[in-house]
Amino acid sequence: AHLLEAQNARVQTRPDSTAAWQPGPAELTQVERSLANPRRWQVRLARLAAVLPDDALLTSVSANPDNQSGAADQERLLISGLLRPAPGQERMHGIMALVTALHSDSLFSAQYRTIRLVESRIGGGADAPAEFRIECR
C-alpha cells in the first residue's frame, strides 16, 4: 500500500495531471491484494492441473464469477467440467473422488475454507460424461 500511496502522490504533483486519484484505505488494500493475486492464482491453477484426473475435462474455471468486490468473493473459484467414467466406474463416484482430491491436496485446499460440489448432471448412456461444478471459497 505504501508504494501505491507514493505513486499516487507523484501523479498528483505533476502539472499535466488532470485527474486526481484519491483512493481510500479499502481501495488501496484491494489494489494491493490484486497485485499479489497472480502469484496465488498461479499456485492454485498449477495444483488444480496436478490433481485433475485424466478422465476429467475442464470446461470453465472462473475466479470471482459474480464479479464481487468483497475479499472472500475475490478468492472464490468455480470449476466446471466433464468427467468421463472409466469402464465399470460409477460417474458420481468419480466426481466425488475429484472433490476429495481437491480437499486432500494441502497446497490447493490451504487457499479455501470450503470446497464443495454445487451441481452435477448425469445423463445419457453409461459411457456419457457427467457434468460437474465445484465451488471453492
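Is Asn67 buried or exposed? Asn67 is exposed, with a relative accessible area of 66%; exposed means over 50%, buried under 20%, and partly exposed in between, using a 1.4 Å probe and protein chains only. This is a predicted model, in which local features need pLDDT of at least 70, side-chain atom pairs count only at pLDDT 80 or more, and totals for chains, interfaces and linings use all residues. Residues are numbered from 1 along each chain as its sequence is written, and side-chain values use heavy atoms, with hydrogens and water left out.

**Overall make-up**

- The chain has five helices and four strands. Helices (H or I, at least four residues) and strands (E, at least two) are DSSP runs, numbered from the N terminus.
- Along the sequence, the pattern reads α-α-β-α-β-α-α-β-β.
- Of the 137 residues in the chain, 28% are buried.
- The chain exposes about 8,500 Å², and carbon and sulfur atoms supply 53% of that area. Accessible areas come from the Shrake-Rupley method with a 1.4 Å probe; for residues, only the protein chains shown count as cover.
- Among contacts in the chain with a separation of 6 or more, 58% are between residues 24 or more positions apart. Contact means heavy atoms within 4.5 Å.

**The sheet**

- Four strands form an open sheet in the order E1-E2-E4-E3, with antiparallel pairing. Strands E1 and E3 (115–122) stand at the edges, each with a single partner strand, so one side of each has no neighbour in the sheet.
- From one strand to the next, the twist averages 15°. Axes are lines fitted to C-alpha atoms, for helices over the stretch in contact, and angles run from 0 to 180 degrees between N-to-C directions.
- Two strands pair if DSSP finds at least two bridges between them.
- Strand E1 (residues 56–63) runs antiparallel to E2, joined by seven bridges. Ser62 has Leu78 of E2 as its bridge partner.
- E2 also pairs with strand E4 (residues 130–136), in the antiparallel sense and over seven bridges. Here Leu77 has Cys136 of E4 as its bridge partner.
- Strand E2 (residues 77–83) is mostly covered, with six of its seven residues buried.

- H4 lies across E2, E3 and E4 and runs at about 160° to E3.
- Ala101 sits in helix H4. Ala101 is partly exposed, with a relative accessible area of 27%.
- The C-alpha atoms of Ala101 and Leu52 are separated by 8.3 Å, while the two residues are 49 residues apart along the chain.
- Asp105 occupies the loop between helix H4 (91–104) and helix H5 (106–109). Asp105 counts as buried because its relative accessibility is 12%.
- The Asp105 side chain reaches the backbone nitrogen of Phe108 at 2.8 Å.
- Leaving out residues up to four places away in sequence, Asp105 touches Arg47 and Val51.

- Most residues other than glycine have a negative phi.
- Asn64 has a positive phi of about 50° although it is not a glycine. Asn67 has a positive phi of about 55° and is not a glycine either.
- Asn64 is placed in the loop between E1 and helix H3 (71–74). Asn67 lies in the loop between E1 and H3.
- Asn64 counts as buried, at 13% relative accessibility. Asn67, at 66%, is exposed.

Key
A polar contact is a pair of N or O atoms within 3.5 Å; within protein, one must be able to donate a hydrogen and the other to accept it, and residues adjacent in sequence count only if both atoms are side-chain atoms.
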